[in-house]
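Visitor: I would like a close look at one part of this model. Please keep it brisk.

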Amino acid sequence: MIQINNSILIAGDNLSINFYEIKSKLLINKLKTDHSQCIWKLLLLKSTDILLTGSDDSTIKIWNINNYSIKGNLKDDQSKYTIQGHKSWIFSLIQLKYD
């Protein structure tokens, strides 16, 4: 679960990312990912619109999020980018701070 402004992002074994408005508790957007297994981790990079998702399918997907929906592109006019090569599940993602 991750909080963005007045929304909460939740992911899991339904292979999607759900955006809920905190106050009303209403689903305001649902992003269907192309992960093939459970999404374990969400990481919103600080001061950006970049969201990373990590999954049991051994992939990390990079999303450009704006206004609770997928917007723009990161590579070749696509809304997502996949990092592959892990041999097992993705359980954790962290943002490192460089000075």
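How many salt bridges does the count come to? Please take me through the part involved.

Guide: This is a predicted model. The count comes to one salt bridge. Asp34 and Lys61 form the pair, and their closest N and O atoms are 3.1 Å apart. Side chains of opposite charge can pair when their charged atoms come close.

Asp34 is partly exposed, at a relative accessible area of 42%. Lys61 is buried, at 5%.

Strand 7 covers residues 60-66, and six of its seven residues are buried. Strand 7 pairs with strand 6 (residues 50-55). The pairing is antiparallel and runs over five bridges. Within it, Leu51 has Trp63 of strand 7 as its bridge partner.

Next, the turn of this hairpin. Four residues lie between strand 6 and strand 7. Ser58 is in that loop. Its phi is positive, near 70 degrees. Ser58 is also buried, with a relative accessible area of 14%. Which residues does Ser58 touch, leaving out those up to four places away in sequence? The contacts are Ile83, His86, Lys87, Ser88, Trp89 and Ile90.

Methods. Residues numbered from 1 in each chain as written. Predicted model: local features only at pLDDT ≥ 70, side-chain atom pairs only at ≥ 80, totals over all residues. Heavy atoms only, no water. Buried < 20%, exposed > 50% of the residue type's maximum accessible area, 1.4 Å probe, protein only. Helix = DSSP H or I, 4+ residues; strand = E, 2+ residues; numbered from the N terminus. Pairing = 2+ DSSP bridges. Salt bridge = Lys/Arg side-chain N within 4 Å of Asp/Glu carboxyl O. Contact = heavy atoms within 4.5 Å.
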